[in-house]
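Visitor: I'm new to this one. Could you show me how to read it, feature by feature?

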Amino acid sequence: LDMYPVNKLDSSALHALTEVLEVLEARAVRFYVSGAKGPVRDVLVKAGLEDRVGYANFHASIHDAVEAAQSHI
């Protein structure tokens, strides 16, 4: 998920993201986040989503996230 264009997350966005994670986890699909800015990442941390996704699955760029995903294939 490229979060670079995201400047704010509200409770509806967190709820939707949580639902997506539930579906992906049930299917054993790895989830990667790229470009999450400080304030957005702070919200993800407070909501427990960084722990759920995994710190190692957060990347500065799409390129880095794709490389990480390819290394798990």
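Guide: Let's begin with the radius of gyration, which is taken over C-alpha atoms; the globule rule is 2.2 Å times the number of residues to the power 0.38. For 73 residues, a compact globule would have a radius near 11 Å, and the protein's 12 Å agrees with that. Bear in mind that this is a predicted model, where local features need pLDDT of at least 70, side-chain atom pairs count only at pLDDT 80 or more, and totals for chains, interfaces and linings use all residues. Residues are numbered from 1 along each chain as its sequence is written, and side-chain values use heavy atoms, with hydrogens and water left out.

Visitor: Which elements does the protein run through from the N terminus on?

Guide: Helices (H or I, at least four residues) and strands (E, at least two) are DSSP runs, numbered from the N terminus. Here the order is α-β-α-α-β-α, giving 4 helices and 2 strands.

Visitor: What percentage of the 73 residues is buried?

Guide: Buried means under 20% relative accessible area, with a 1.4 Å probe and protein chains only. In this protein, 32% of the residues qualify.

Visitor: How many residues are in the largest nonpolar core?

Guide: A nonpolar core is a set of buried Ala, Val, Leu, Ile, Met, Phe, Trp, Tyr and Cys residues joined through side-chain atoms within 4.5 Å. The largest one has 14, and Met3, Phe31 and Val53 are among those with the most contacts inside it. Two or more residues each come from α1 (11–26), α2 (38–46) and α3 (49–53), with α1 giving the most, 4 residues.

Visitor: And what does Val53 touch?

Guide: Contact means heavy atoms within 4.5 Å. Leaving out residues up to four places away in sequence, Val53 touches Leu21, Phe31, Val33 and Phe58.

Technical notes
Buried < 20%, exposed > 50% of the residue type's maximum accessible area, 1.4 Å probe, protein only.
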